[in-house]
Structures are given as structure tokens and as C-alpha cells.
Amino acid sequence: MRKRELKNIEWSIGIIVLILCIIGLVALFSATQEAEYDEFNKQCIWLVASIVIGIVVMLIDYKSIVKMSPIFYGAFIILLIAVLFTTPINGATSWFDIGFFSLQPGEFAKIFSILFLSYAITKIQERDKKNINKPVQLLILLAIIALPVLLIIKQPDYGTAAAFLVATVFMLITAGIDKKYIIGATILIIVAIPLIYNFVLPEHAKKRIDIFLNPESDPRGSGYNIIQSKLAIGAGGLTGMGVLKGNQTQLGFLYPKTTDFIFAVIGEEMGFVVAGTVIILYVLLITKCLYVAKTAKDEAGSLIVSGITGIFVFHMIENIGMVMGLLPITGVPLPFISYGGSSLITNFICIAIILNISSKRQKTIFVK
């Protein structure tokens, strides 16, 4: 990578990510005390591996990755089909258990679906900028995302599937989709929600929504986790109860505290100050990513960053929202903070691609 490209990189994005990772490690350290820090130690290993993988991805021109995206997309479609035949873990067939590491192909599929979708959009727009708004072309683009989404719903993993959809919306808006499609899709969603709830969703998914609306209806069953999460956040106050000193965290009332409810651990033990800082950091991260999307050298780069930003937006809002009782529980991890090797590696690859794209920007030269 040349000096000019190094200067162009939006380094503030990397700094924000590292701060989030540090906060996550502190929370994991506290949350895994009774388990002899097993998940904390593993997360440290995944963090080092993620940084190394991220650096490698940064050194590869993103245009080369985009050109290879159809191959990777096809490979992960095969993996998403194969994972359906594995032994269910917590009722879902989302992971390949390979001993020391559980591979979640749905996480990696997000990256290559975004890359392949950007590849398809740019190919269509090379012929005609307005081509994307032709029904046939739009259906082709939607089919690219629909395939992995349907396979992930089959697992079932509705949270990850929703992340695909949000990323797609961000990318289509960036590509210049006609407003009539956005309005039509919005009306369709409003009409479809009650139909999906009554005739499509399985009972466990309906129960999550019912519990979200009224967790006190089953305080010792399905509503237990969200009630404990809200108690933990409320108990933290302004500055928290102290690391390793949270009641809900240390006494085992909060579950799963290393993944879905890690933000509740932060709220209880580090308080509103740190929890609020985490939210501010995410807002800054999203803002910086959108800036890179706006200033990207080409359409492909802009589309890719927009899609990745959509994933970060969804994960942040959904995870923090469900922990606070504002959104239904979907099992979506908090980027860079929740425990999980597949999630952490995927997020670092996403950040590396964004930094890669930012390095190729052309800075404005002012002439005196």
C-alpha cells in the first residue's frame, strides 16, 4: 500500500473499533469470572486473529475482491445449505462445529452477498444508470439477497436474515432506486406484518413478540431474560456497580450475558456513562462509514460501504433495543463487543474493506 493511500485511510474508524473491542473485553472478563474466563480467553485469541485477517484484507484491492465475489457467494450458498443438515444447537442449525471453533456461515455470507450485490448493481448500471429501476433487473437483484435470506430463515435465524434486508435497503437507496418502490415496499410491509404474524411465524417467534410486548406475562419463563436485563441496566445507575460486582451479572440471573445481553453487563457494572459512550461510539462509527460511502472512488465502493453500514446500524439498534426492552429478542450480537469468533472476524473483515475503500479516495487538491 502506497503512502498516499495510507494517508487517505479513515483511521478514526479503526480507533473507534478498537475502543469498542476493549470495552467488550472488559465486560467479557467480568461476565466469565465463574467460568474461569474461558470465553474471555477465546475472544482475545479471536481478536488477534481478526486483526491479522483484517490487515491482509486491507492489502488486497477491493476491486479484486468484488470480481471474485460471485465465487465466494456461490460457496457460501452451498455452506448455508449444508449447515441445515447439522445437529441443532439451541434449536437452530446455524453452526458447523469444528472442535475449537464453531463456524457460522450466515455471518460470512453477509459480506459476500453485499459484495456480489454491488457487483451485480454496477454491471447493470454500466449499461444504463436507470436500469436498476426496471422491474426485471430489480427482481434479479432482490433474488441475489432472497436466496441466502430464505436459507438463513430456514435455520432459523431471523436476526441475521433481517440484517441482510437492511443492508439491501441501504445499497438500493445508494444505487438510486425509484421512490415508488420504497413507498410500495413500505405499504406492503405494513399490510404483511399481521399476516406474517398470524400465518407464517412459528410459535416460538410469536412468543418472542408477545413477551416483548408484555414480559411480565411470563416472568419466570420467556419473559425472564428481558426482565433481568432491564433490572441490570437500571441497577447500574450513572457510574455502575463496578467491574466484577454486578448482582445480575455475577449471581447468574443474566443470560446469555456474553453474547445477546453483553450490553446489560456494561450498563450494570460500568453504568450509564460507559453504556452511553458505547452508543456514541457506534453513532460515530456509522457516521464515518457513511462519509466513506459518500467519498468513495467509484460506485462499487460506495455500495459496499453502504451495505456494511446497514448491517452495523441494524445490529446496534436491534441488540441495544432488545436488551432495553424496546425491541423483540432476536439473538443478534453487538458488533465488536459480544462474544463470538465468526461475528468478530466478519466485522473486522467489513471494517478492513471499508478502510481499503477509503484508501483509494482522491483527496481534493487546493491550488493557491
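Mentor: Start with Ile-71, which sits in helix H4. Helices (H or I, at least four residues) and strands (E, at least two) are DSSP runs, numbered from the N terminus. This is a predicted model, in which local features need pLDDT of at least 70 and side-chain atom pairs count only at pLDDT 80 or more, while totals for chains, interfaces and linings use all residues. Residues are numbered from 1 along each chain as its sequence is written, and side-chain values use heavy atoms, with hydrogens and water left out.

Trainee: Is Ile-71 buried or exposed?

Mentor: Buried means under 20% relative accessible area, exposed over 50%, and partly exposed in between (1.4 Å probe, protein chains only). Ile-71 has a relative accessible area of 61%, so it is exposed.

Trainee: Which residues of H4 are buried?

Mentor: They are Tyr-62, Ile-65, Val-66, Ser-69, Tyr-73, Phe-76, Ile-77 and Leu-80. To see what covers them, look for contacts, meaning heavy atoms within 4.5 Å. The cover includes helix H3 (38–59), H5, H6, helix H13 (299–323) and H14.

Trainee: How many degrees does H4 bend, and where?

Mentor: The bend at a residue is the angle between axes fitted to the seven residues ending there and the seven starting there. H4 bends by about 50 degrees at Met-68, and the proline Pro-70 follows within four residues. For the span, the expected value is 1.5 Å times one less than the number of residues. The 21 residues of H4 should therefore span 30 Å, and the end C-alpha atoms are 28 Å apart, which agrees.

Trainee: What is found at the start of H4?

Mentor: Look for a polar contact: a pair of N or O atoms within 3.5 Å, where, within protein, one must be able to donate a hydrogen and the other to accept it, and residues adjacent in sequence count only if both atoms are side-chain atoms. There, a side-chain oxygen of Asp-61 comes to within 3.0 Å of the backbone nitrogen of Lys-63.

Trainee: What does Lys-360 touch?

Mentor: Leaving out residues up to four places away in sequence, Lys-360 touches Glu-5, Asp-61, Tyr-62 and Lys-297. It lies in the segment after helix H14 (341–359) and is buried, because its relative accessible area is 13%. Its side chain also makes polar contacts with the side chains of Asn-356, at 3.2 Å, and Ser-359, at 3.3 Å.

Trainee: Where is the kink in H6?

Mentor: H6 has a kink of about 30 degrees at Ala-146, shortly before Pro-148. The buried residues of H6 include Leu-141, Ile-145 and Pro-148. Among the elements covering the buried residues of H6 are H4, helix H7 (158–175) and helix H8 (179–199).

Trainee: Which residues touch the most other members of the largest nonpolar core?

Mentor: A nonpolar core is a set of buried Ala, Val, Leu, Ile, Met, Phe, Trp, Tyr and Cys residues joined through side-chain atoms within 4.5 Å. Here the largest has 99 residues, and Leu-141, Leu-285, Ile-304, Phe-336 and Ile-353 touch the most other members. Helix H12 (residues 262–295) gives the most to this core, with 15 residues.

Trainee: How many helices and strands does the chain have?

Mentor: The chain has 14 helices and 2 strands. Of its 368 residues, 50% count as buried.
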